[in-house]
Amino acid sequence: MEFKEVVMRRRSTRRYTGKPVEREKLQNAMELALRAPSSKNTRSTRLMAVTNLDKVHALGRLRDWGSSLLEEAGAAIVVLGDESASPMWQTNASIMATVLQLALVDEGLASCWVHVGDY
């Protein structure tokens with residue numbers, strides 16, 4: 001898929017089938033996202049795939065609004081920023097999350113950015 005097509009297809013999807021997502025597709029998207037730029041190349045962001053549906057659905061209950069869509073999702077990727085690695089950790093995490101969403105489109109998957117908190 002051409003880059004322009006990936007960008008044009010990117011949408012925030014809030015309804016999911018609940019079917020498990022192929023690990024290979026998640027891994028491919030995460031490998032691309034890990035190539036995202038970071039401030040001073042600090043690499044202060046990590047990714048964690050959650051494929052256990054009970055845990056994915058539990059993530060959807062971490063907030064009282066805005067995250068319930070995860071209760072129908074077949075997987076989640078948690079974006080983790082390390083504040084001790086860079087004062088720009090939030091920006092770095094945001095950049096990586098954006099690249100991740102584009103990579104998920106390239107894998108034929110849908111996504112939505114869900115903020116569940118600073119834990």
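This is a short chat about the packing in one predicted model.

Reader: What should I know about the model before we start?
Author: It is predicted: local features need pLDDT of at least 70, side-chain atom pairs count only at pLDDT 80 or more, and totals for chains, interfaces and linings use all residues. Residues are numbered from 1 along each chain as its sequence is written, and side-chain values use heavy atoms, with hydrogens and water left out.

Reader: Which residues have the most contacts inside the largest nonpolar core?
Author: L47, I77, L100 and L104. That core has 13 residues. A nonpolar core here is a set of buried Ala, Val, Leu, Ile, Met, Phe, Trp, Tyr and Cys residues joined through side-chain atoms within 4.5 Å. Buried means under 20% relative accessible area, exposed over 50%, partly exposed in between (1.4 Å probe, protein chains only).

Reader: Which elements give two or more residues to this core?
Author: α2 (23-33) and α4 (89-106). Helices (H or I, at least four residues) and strands (E, at least two) are DSSP runs, numbered from the N terminus.

Reader: And what does L104 touch?
Author: A29, I77, L109 and S111, leaving out residues up to four places away in sequence. Contact means heavy atoms within 4.5 Å.

Reader: How do α2 and α4 pack?
Author: At an angle of about 140°, with their axes 8 Å apart. Axes are lines fitted to C-alpha atoms, for helices over the stretch in contact, and angles run from 0 to 180 degrees between N-to-C directions. The two helices are therefore oblique to each other. The cut-offs: under 35 degrees is roughly parallel, over 145 roughly antiparallel, 65 to 115 roughly perpendicular, the rest oblique.

Reader: Which residues make the contact?
Author: A29, M30, L32 and A33 of α2, with M96, V99, L100, A103 and L104 of α4.

Reader: M30, then. Buried or exposed?
Author: M30 counts as buried, at 14% relative accessibility. M30 touches L47, M48, A49, I77 and L100, not counting residues up to four places away in sequence.

Reader: What covers the buried residues of α4?
Author: The cover includes α1 (3-9), α2, β1 (45-50) and β2. Among the buried residues of α4 are W89, N92 and Q101.

Reader: Different topic. Where is S67?
Author: In the loop between α3 (53-59) and β2 (76-81). S67 counts as buried, at 0% relative accessibility.

Reader: What is S67 in contact with?
Author: L59, G60, R61, L62, V114 and V116, leaving aside neighbours within four places in sequence.
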